[in-house]
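Dear colleague,

I am passing on a structure that you have not worked with before. The model comes first, and notes on what was found in it follow.

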Amino acid sequence: MSIQKRLVKIQGALRPEQAVLLLIHEARETESFYLYCSGLHERPASECPRNRINREVASAIRLAMKGKPAELVEKAVRSAAMEADFLLMLAFRVNEEVLNHADARQLRLQLLLEQVPHPGENWTEEEQEAWIGRLLLNVSEVLVLKMAVERIEREYFRGNSVLFRDAAQVLDDEFRLAQEVCEAYDRVVAGCPDSAVDLGPVAEFLRPLTEFRASHLVDKAKSDMLREFSGSEAAISLMRRFWTDWPPEAATHCLEQRVGNNRPYLASTPPP
């Protein structure tokens with residue numbers, strides 16, 4: 001049996017999750033997510049990701065349920081196709097979320113970093129508190145995004161990464177930059193040159209926002225899937241709750257408390 005035929009046989013036996021992970025693994029050979037997406041128009045419609053996944057999953061289900069009642073088979077095919085389409089849309093949504101506004105997030109962190117070595121050591125208490133507020137808001141944005149992505153990968157993809165190389169690099173760069181800003185503050189303003197920055201307490205405090213960000217991405221992917229399989233009304237109904245609860249009041253309140261809590265030291269061991 002040829003390699004190609006063996007591959008087709010393996011693909012035909014894949015569950016929805018496995019089929020999506022295989023497709024994502026192949027797609028990530030293109031380093032840029034948007035470059036991959038822009039190249040899809042050159043492919044025949046049958047080879048576009050959603051059509052390919054639908055076809056592979058349907059084939060696998062029909063093969064596994066050969067001899068079963070047709071009505072039961074078609075019901076299982078539809079269910080598996082919906083699950084696979086949702087997972088595929090979720091993987092794409094995650095990459096889009098990381099790459100969208102990445103330049104703006106990094107520029108804000110760079111500005112915060114540039115403000116520390118020069119005026120930082122001469123700040124008034126009010127200026128220091130205002131800067132800390134901006135720092136927490138911008139670092140929180142990066143932390144929430146990073147944790148939401150990790151949560152989705154853990155809960156829906158068995159811990160497998162679905163980020164393309166450019167998206168993964170963006171997230172890593174932003175997290176390192178956030179840590180660098182905190183370290184600069186500890187060194188110049190707080191007078192803690194040897195303190196180790198620990199963002200764990202901040203991350204724990206941001207858990208409500210992380211959960212909401214992850215659930216928003218998940219439901220957006222479900223909405224994409226429902227629009228394809230069940231029509232626009234089902235897709236709209238799923239997203240309606242976000243129109244009246246964005247961001248969630250409880251999660252926003254926790255961040256406002258953190259920013260307004262007048263805690264000038266970000267180091268794990270503040271100076272006496």
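Helices (H or I, at least four residues) and strands (E, at least two) are DSSP runs, numbered from the N terminus. By that count the chain has 12 helices and zero strands.

This is a predicted model: local features need pLDDT of at least 70, side-chain atom pairs count only at pLDDT 80 or more, and totals for chains, interfaces and linings use all residues. Residues are numbered from 1 along each chain as its sequence is written, and side-chain values use heavy atoms, with hydrogens and water left out.

Of the 272 residues in the chain, 44% are buried (under 20% relative accessible area; exposed is over 50%, partly exposed in between; 1.4 Å probe, protein chains only).

Six aromatic pairs turn up in the whole structure. Rings of Phe, Tyr and Trp (its six-membered ring) pair if their centres lie within 6.5 Å; planes under 30 degrees apart count as stacked, over 60 as edge-to-face and the rest as tilted. One of the pairs is Phe-33 with Tyr-34, tilted, at 5.4 Å centre to centre and 55 degrees between the planes. Phe-33 is buried at 0% relative accessible area, while Tyr-34 is partly exposed at 39%.

Tyr-36 and Phe-92 form an edge-to-face pair, with 6.3 Å between centres and 65 degrees between planes. Tyr-36 lies in helix H3 (residues 33-38) and Phe-92 in helix H5 (residues 70-99), so this pair ties together parts 56 residues apart in sequence. Ring pairs link Phe-33, Tyr-34, Tyr-36, Phe-92 and Phe-164 into a cluster.

Regards
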